[in-house]
Amino acid sequence: MLFIGLLLIASNLRAAITSVGPVLGDIRADLGFSAVTASVLIAIPLVAFGVFSPVAPVIASRLGIERTLGAALVVLAVGIVLRSWPGQVTIWAGTVLLGLAIALINVLLPALVKRDYPSRVGSVTGTYSAVQSGVAAIAAGVAVPIAGAADHGWRLSIGIWAGLALVALAVFLPQLRVGAQRQPASSAEQGGAGAEPANPPTDAASGRTPAARGYRSPWGSALAWQVTLFMGLQSTIYYTVVTWWPAVEQAGGLSPAMAGWHQFAYQMFGLVGTVLCAATISRMRDQRVLAVAVSVLMFAGILGQLLVPGIGLLWVSLIGLGSGGSIVLALALLGLRTRHHGQSAALSGMAQSLGYLLAACGPIVFSVLHDATSAWVVPLMLLLGVVIVQVVFGLLGSRDRFIDGDDHRDGASA
């Protein structure tokens, strides 16, 4: 039930976001939003991820991981309903609330995986990422048909996902009692950095327990910054493609309807990339080959769209494969580069805070460059540059080390 609950929680991470883009035109027409206002609306969840991610370990240190996740699901459901409620204020307030809720879940799921599945971080992360991607694709695919079922149907289209949050809460509910029975040994046990855990984690691979020690804060670790930048750069590509790729393809001669289906294909190929990457991570001690592979796929897709836009489905599929693999790798590194779920939560908070703030800038800069040049060539070249930098930090962050500075081969679990 813990695993099923984990998957259901993960299914809520993107649906509330990917369901908006396809009906953004309806939202603008109904509420009188300008293009800039609509862009700000889309950026709010990413900014919320950046602002609220650092507080997730602090809240979890007081409530516990399970109860914090349960509270986040309640806030998420309220935020989704409020966002779809009639009125100008509610759509903004609801968007902020759902951004807060998803930020908490984003940070704490990797920590939960690190704690309860220490020897299967890669495979479990890949599985929940696959579910996340699959539901995101469904949310994008059904948004327009649902919105067309009634007047102001976009409210129903983006509001129905509150039900998914409540289903996840119902299944995860027994874990709240389990979490309440846990006795935190110390601040490190619940996510504090620099404290010494009373019950050091056991190495699931070797059967040995690493020596008791204080867990280093990720903010002072070069490796943690490398993981953070890889997280942010791959997220920049993802959210830029989600926001602007239909416009890029339409400029290349594709119809709006087909551009929408290409977005669905992007999410579905992202699911394939997620599964493939997850299956590979679990067999590797060093993930540098994966970091290069996912980046090459993204680079090839962006370059292909720039040079031969007539076969856009191929290019968006390649970007999807790379994006799906890169998010799994980025999330897995949060556990693979740390020794303990408390330290993993701290790294997750850092990586997702700074990473999503960086990602929020991507779509805005992309659109500004388009407006300045009246074409998509320069923005696409910028994306190619982002991928090149992503490769560098992917190689550095995927080395077989802990953020403490020690190599995994000292006997600690990967």
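Because the model is predicted, local features need pLDDT of at least 70 and side-chain atom pairs count only at pLDDT 80 or more, while totals for chains, interfaces and linings use all residues. Residues are numbered from 1 along each chain as its sequence is written, and side-chain values use heavy atoms, with hydrogens and water left out.

The structure holds 4 salt bridges, a salt bridge being a side-chain nitrogen of Lys or Arg within 4 Å of a carboxyl oxygen of Asp or Glu. In one of them R115 pairs with E66, and the closest N and O atoms are 2.5 Å apart. R115 belongs to helix 7 (residues 88-116) and E66 to helix 6 (residues 65-84), so this pair ties together parts that are 49 residues apart in sequence. Helices are DSSP runs of H or I with at least four residues, numbered from the N terminus. R115 also forms a salt bridge with D116, at 2.8 Å between the closest N and O atoms.

D116 has 23% relative accessibility, so D116 counts as partly exposed.

Another salt bridge joins the side chains of D286 and R288 (2.8 Å, N to O). R288 is partly exposed, with a relative accessible area of 38%. Helix 13 covers residues 288-307, and its 20 residues should span 28 Å; the end C-alpha atoms are 28 Å apart, which agrees. The expected span is 1.5 Å times one less than the number of residues. Buried residues of helix 13 include L290, A291, V294, S295, M298 and G301. An α-helix has 3.6 residues a turn, so residues three or four places apart point the same way.

Turning to the rings, the structure holds 10 aromatic pairs. Rings of Phe, Tyr and Trp (its six-membered ring) pair if their centres lie within 6.5 Å; planes under 30 degrees apart count as stacked, over 60 as edge-to-face and the rest as tilted. For W219 and W225 the ring centres are 6.0 Å apart and the planes at 80°, so this pair is edge-to-face. W219 is partly exposed at 42% relative accessibility, and W225 is partly exposed at 34%.

F49, Y238, Y239, Y266 and Y356 form one aromatic cluster. The charged end of R14 sits over the ring of Y238, 4.2 Å from its centre; this requires NZ of Lys or CZ of Arg within 6 Å of the ring centre and within 35 degrees of the ring normal.

Terms used. Helix = DSSP H or I, 4+ residues; strand = E, 2+ residues; numbered from the N terminus. Buried < 20%, exposed > 50% of the residue type's maximum accessible area, 1.4 Å probe, protein only.
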